[in-house]
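Please keep the sequence and the model in view.

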Amino acid sequence: MTIAFVFPGQGAQTIGMGKALAEAYPAAKAVFDEVDAALGEALSQLIWEGDIETLTLTQNAQPALMATSLAAMRALEAEGVSIDKAAFVAGHSLGEYSALAAAGAISVADTARLLRTRGQAMQSAVPVGEGAMAAILGLDLEAVRAVADEAAQGEVCQAANDNDPTQVVVSGAKAAVERAAEIAKEKGAKRAVMLPVSAPFHCALMQPAADVMAEALADVAITSPAVPLIANVRADAVTDPDEIRKLLVEQVTGSVRWRESVQSMAAKGVTEFWEIGAGKALSGMIRKIDRNLTSRQVGTAEDVAAITAG
């Protein structure tokens with residue numbers, strides 16, 4: 001059995017996530033303490049006792065989800081399961097940063113600061129209300145690309161997340177995305193759902209945020225990860241620090257090629273995926289990508305206990 005560790009993206013956040021891990025494992029608590037110190041604020045208190053609206057703000061959700069994933073990773077390590085149990089790491093959008101931190105390529109403190117910067121930059125790149133995202137259900141990537149091209153009409157409209165064979169997310173100017181949702185339904189999509197997001201992620205409108213991240217990443221130490229990263233924008237393995245830096249910048253405006261990333265790992269022999277952190281969205285996508293693959297969640301102290309008992 002060959003295992004990959006995968007790390008969730010935005011949308012998985014819940015109030016209270018990681019709290020039981022921090023109570024059960026001092027090493028997990030230390031992650032939240034380190035993130036709080038890096039950001040100069042008690043983000044852990046927001047995660048555990050705050051309100052979901054504030055936690056969902058992009059600048060909070062991104063470091064919060066990373067902290068929860070790394071706390072789960074530290075709990076695994078405390079039970080003797082190290083990163084080299086995995087053949088590969090990968091993450092969905094911001095989860096790519098969690099994957100790199102878990103694999104030792106970027107320090108937890110630097111990752112927290114980068115994700116705070118990333119969240120702020122992505123939020124401010126497009127004025128609120130001018131961008132949108134929609135999930136197109138029941139059409140494949142090529143069909144959705146054709147829909148986006150037809151809907152653009154001179155505005156930005158792109159396939160942003162290729163999540164699984166049944167779900168592709170489009171992103172861009174609000175009017176263009178709304179047109180895409182209608183065109184998709186005309187073309188046979190089962191549903192087209194406007195997403196409750198604050199900005200149009202992973203499209204050309206995010207170029208100002210990509211510029212900010214290029215500058216931020218230039219000043220951060222990145223080393224080769226302990227196990228290869230399957231990069232979002234390439235859907236293939238990368239270990240070179242300079243290449244990782246470049247791809248993290250490209251990721252801001254580029255598509256999250258999650259379906260292809262999972263297929264790439266499966267082609268390299270991966271048969272089981274551990275979703276490290278909050279939620280189980282990635283596990284659901286993986287099942288739709290390939291029914292032969294298995295997955296398990298590692299987000300609670302009970303999950304960690306079940307793995308180490310097994």
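**The cavity and the strands beside it**

The largest cavity holds about 40 Å³ of space. This is a predicted model, in which local features need pLDDT of at least 70, side-chain atom pairs count only at pLDDT 80 or more, and totals for chains, interfaces and linings use all residues. Residues are numbered from 1 along each chain as its sequence is written, and side-chain values use heavy atoms, with hydrogens and water left out.

Q: Which element gives the most to the lining of the largest cavity?
A: A cavity is a set of points on a 1 Å grid over the protein atoms alone where a 1.4 Å probe fits but cannot get out, and lining residues have an atom within 4 Å of a point. Helix H8 (141–152) and strand E4 (157–164) each supply at least two lining residues; helices (H or I, at least four residues) and strands (E, at least two) are DSSP runs numbered from the N terminus. The most, 4 residues, comes from E4.

Q: Which residue in E5 is the bridge partner of Asn161?
A: Asn161 is one of the residues lining the largest cavity. E4 and E5 run antiparallel and are joined by 6 bridges, where pairing requires at least two DSSP bridges. The partner of Asn161 in E5 is Val169.

Q: How many of the 7 residues of strand E5 are buried?
A: Buried means under 20% relative accessible area with a 1.4 Å probe, protein chains only. Strand E5 (residues 167–173) is largely enclosed by the rest of the structure, because the buried residues number 6 of the 7.

Methods
1 Å grid on protein atoms, 1.4 Å probe; cavity = no way out; pocket = protein on both sides within 12 Å on 5 of 7 lines; lining within 4 Å. Points joined across faces, edges and corners; volume = space filled by probe spheres on them. Buried < 20%, exposed > 50% of the residue type's maximum accessible area, 1.4 Å probe, protein only.
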